[in-house]
Amino acid sequence: MDKHSIIHRITETKVVAVIRGQDAKEAAQLSKAAVEGGIQAIELTYTTPGIEEAFKELQNTDALLGAGSVLDSETARHAILAGANFIVSPYFVNGVAELCNRYGIPYMPGCMTIREMATSLEAGCDVLKLFPANHFEPSFIKSVNGPLPNVRIMPTGGINLDNMKDWLNAGAVAIGIGSDLNKAYQNGGYEAAVELSRKYMQKIAE
């Protein structure tokens, strides 16, 4: 898929599961649970040891795979070679933006201020991650879109079943979920993660 097709798929499915495992095996299992529950976009974070093994295990699924917690261009290249279709960082990294632009890969950096968002837009980023979103209200998106109408925002951090529709109704193009899903897996195993993923996707359909 080309860059715009990947972005379109993310904004169509609305939910990106941010996967943090204790190891690659756990990350792969949690990802499969999310996919079984209907979540089509998976962000495998590089805070998980040996995460490239999870990429290998998930290559035969229908999921759109991305890499998260990418802090430098070397890691971004490693992720792309491992099969990542999009790259996510907790903050903007110019070297990562340059690499992703070079290879036609969407780059979604974390931003909190208008200046960071403007810098990311100028570097060719099409979707910006508002992170951590639990420091903001959904109305923040409308405030940003006043001076920066082209900004497309994906809030991540603190998003849950109770507030996800508030963010989407406020103009978020997608949401990133993570802690809820990871907690469900830790407390109830694979089936609990599947069920929670279904609840998120059912909420999207409402």
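Contact, as the word is used in these legends, means heavy atoms within 4.5 Å of each other. The model shown in every view is a predicted one.

View 1. With residues up to four places away in sequence not counted, Gly110 touches Ser89, Pro90, Tyr91, Phe92, Lys129 and Phe131. Gly110 is found in strand 5, which runs over residues 107-111. Is Gly110 buried or exposed? Gly110 counts as buried, because its relative accessibility is 5%, and buried means under 20%. Gly110 and Ala54 are 56 residues apart in sequence, and from C-alpha to C-alpha they are 23 Å apart in space.

View 2. Pro132 itself lies in the loop between strand 6 (128-130) and helix 7 (140-145).

**View 3. Helix 1, with its buried residues and the end of the helix.** Helix 1 covers residues 3-13, and its buried residues are Lys3, Ile6, Ile7, Ile10, Thr11 and Thr13. In an α-helix there are 3.6 residues a turn, so residues three or four places apart point the same way. Thr13, which lies in helix 1, counts as buried because its relative accessibility is 7%. When its neighbours within four places in sequence are left aside, Thr13 is in contact with Gln40, Ala41 and Met201. Just after helix 1 comes Lys14, which takes a positive phi of about 75°.

**View 4. Arg9, a partly exposed residue of helix 1.** Arg9 has its place in helix 1, and with a relative accessible area of 22% it is partly exposed. Which residues does Arg9 touch, not counting residues up to four places away in sequence? They are Met1, Gln40, Asp62, Ala63 and Leu64. Gln40 is also listed among the contacts of Thr13. Arg9 and Phe136, for their part, are 127 residues apart in sequence and 26 Å apart in space, taken from C-alpha to C-alpha.

View 5. Although Lys14 is not a glycine, its phi is positive, at about 75°. Lys14 has its place in the loop between helix 1 and strand 1 (15-19), and it counts as partly exposed because its relative accessibility is 27%. Ser69 is not a glycine either, and its positive phi is about 55°. The place of Ser69 is in the loop between strand 3 (64-68) and helix 4. Ser69 counts as buried, because its relative accessibility is 16%.

**View 6. The crossing of helix 2 and helix 3.** Two packed helices are described by the angle between their axes and the distance between the axes. For helix 2 (residues 24-36) and helix 3 (residues 51-58), the axes come within 8 Å and cross at roughly 40°, and this crossing is right-handed. On the side of helix 2, the residues that meet helix 3 are Ala24, Ala27, Ala28, Gln29, Ser31 and Lys32, while helix 3 brings Ile51, Glu53, Ala54, Glu57 and Leu58. The residues of this contact divide into six nonpolar, two polar and three charged.

**View 7. The crossing of helix 4 and helix 5.** The axes of helix 4 (residues 73-82) and helix 5 (residues 94-103) come within 8 Å and cross at roughly 35°, in a crossing that is right-handed. Helix 4 makes the contact through Ser73, Ala76, Arg77 and Ile80, and helix 5 through Gly95, Val96 and Leu99. Four of these contact residues are nonpolar, two are polar and one is charged.

**View 8. The largest pocket and its lining.** The largest pocket has a volume of about 180 Å³. Its lining has 14 residues, of which Val18, Arg20, Thr156, Gly178 and Ser179 are the closest to the centre of the pocket. Which elements give two or more residues to this lining? They are strand 8 (175-177) and helix 9 (179-205). The residues of the lining divide into four nonpolar, seven polar and three charged.

Notes
Residues are numbered from 1 along each chain as its sequence is written. This is a predicted model: local features need pLDDT of at least 70, side-chain atom pairs count only at pLDDT 80 or more; totals for chains, interfaces and linings use all residues. Side-chain values use heavy atoms; hydrogens and water are left out. On a 1 Å grid over the protein atoms alone, a cavity is a set of points where a 1.4 Å probe fits but cannot get out, and a pocket is an open set with protein on both sides within 12 Å along at least five of seven lines; lining residues have an atom within 4 Å of a point. Grid points are joined across faces, edges and corners, and a volume is the space filled by probe spheres set on the points. Helices (H or I, at least four residues) and strands (E, at least two) are DSSP runs, numbered from the N terminus. Ala, Val, Leu, Ile, Met, Phe, Trp, Tyr, Cys and Pro count as nonpolar, Asp, Glu, Lys and Arg as charged, and the others, Gly among them, as polar. Buried means under 20% relative accessible area, exposed over 50%, partly exposed in between (1.4 Å probe, protein chains only). Axes are lines fitted to C-alpha atoms, for helices over the stretch in contact, and angles run from 0 to 180 degrees between N-to-C directions. A crossing is left-handed if the near helix is turned anticlockwise from the far one by less than a right angle, and right-handed if clockwise.
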